[in-house]
Amino acid sequence: MELSKLQRKRILIATCCVLLLLIFDQTSKVLVKTNMRLYDSIEIFSWFKIYFTENPGMAFGIELFDTYILTIFRIIVVSALGWFIFKLIRRDFKFGFIICLSFILAGALGNIIDCVCYGALFDNSYGHVATFMPEGGGYSTWFHGRVVDMLYFPLIKTVLPTWVPFMGGHEFVFFRPIFNVADSSICVSVFTLLIFYRQSLSASFAKEKNS
């Protein structure tokens, strides 16, 4: 079935959203990678720092699987999500819902680029600023790169009272995870879907199951 003018316009807008997020995400990562050493920190405000870390795992530095397996899994999921978005556009589904899914897609793609490319394109950042496309090769191979994280929001930093079980007397930081633009895009979009499009989400999966 041929796409209508509105459907083609929505595909164009969704594609632009994905590309803009990818550009923003990758630009921030390359700037950090080529200007900071690993674990360097720049304080913007007392509650917001640019803190350069890398991780081979999932969002917010969680490590669960081998990098290669995780990257292949991500590629499969992103491909399925892209196909799902296209089907929703053809069904003239709610456009806000489609945009949220597009930003989730963009966030996943942003971290996939790190895992697929960065190991081969950059040398390591331990003790020095990384070089792009170094003569001696990168710090790893294709599909074994590490995700660059840099956004750190220590909103509350204190020492817990001694009477607090297990944690008493120890430093407590909220919010501790360090993340990137891609992670933010995924999380904000997921929360938006759950808050504003929960019924639409259930309906879309029901239609997909019955189609």
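Me: In this predicted model, which residue in E3 stands opposite Ile50?
Reply: Leu151 stands opposite Ile50.

Me: What makes E2 and E3 a pair of strands?
Reply: Two strands pair if there are at least two bridges between them. Five bridges join E2 to E3, so they count as paired. The two strands run antiparallel.

Me: How do you know that E3 also pairs with E6?
Reply: E3 and E6, the strand of residues 178–179, share two bridges. The rule asks for at least two, so the pairing stands. Its sense is antiparallel, and Tyr152 has Ile178 in E6 as its bridge partner.

Me: Why is E3 described as mostly covered?
Reply: Six of its six residues are buried. Buried means under 20% relative accessible area.

Me: How many aromatic pairs are there?
Reply: The count comes to twelve. One of them joins Phe48 and Phe153.

Me: Why is the pair of Phe48 and Phe153 called stacked?
Reply: The centres lie 4.6 Å apart, and the limit for a pair is 6.5 Å. The planes are 15 degrees apart, under the 30 degrees set for stacking, so the pair counts as stacked. Phe48 is in strand E2 and Phe153 is in the loop between E3 and E4, 105 residues apart.

Me: Is Phe48 buried or exposed, and what is Phe153 called?
Reply: Phe48 has 15% relative accessibility, which is under 20%, so Phe48 counts as buried. Phe153 has 24%, which falls between 20% and 50%, so Phe153 counts as partly exposed.

Me: What makes the pair of Phe97 and Tyr197 edge-to-face?
Reply: The angle between the planes is 70 degrees, over the 60 that the label requires, so the pair is edge-to-face. The centres are 6.0 Å apart, within the 6.5 Å limit. Phe97 belongs to helix H3, while Tyr197 sits in the loop between H4 and H5, 100 residues apart.

Me: Why do Phe97 and Tyr197 count as buried?
Reply: Phe97 has a relative accessibility of 0%, and Tyr197 has a relative accessible area of 19%. Both values are under 20%, so both residues are buried.

Me: How do you know that Arg146 lies over the face of Tyr139?
Reply: Arg146 is at 4.1 Å from the ring centre, and the distance limit is 6 Å.

Me: Where does H3 bend?
Reply: H3 bends by about 35 degrees at Cys115. H3 is mostly covered, with 19 of its 27 residues buried.

How values were computed. Residues numbered from 1 in each chain as written. Predicted model: local features only at pLDDT ≥ 70, side-chain atom pairs only at ≥ 80, totals over all residues. Heavy atoms only, no water. Bend = angle between axes of the 7 residues up to and from the residue. Helix = DSSP H or I, 4+ residues; strand = E, 2+ residues; numbered from the N terminus. Buried < 20%, exposed > 50% of the residue type's maximum accessible area, 1.4 Å probe, protein only. Lys NZ or Arg CZ within 6 Å of the ring centre and 35° of its normal.
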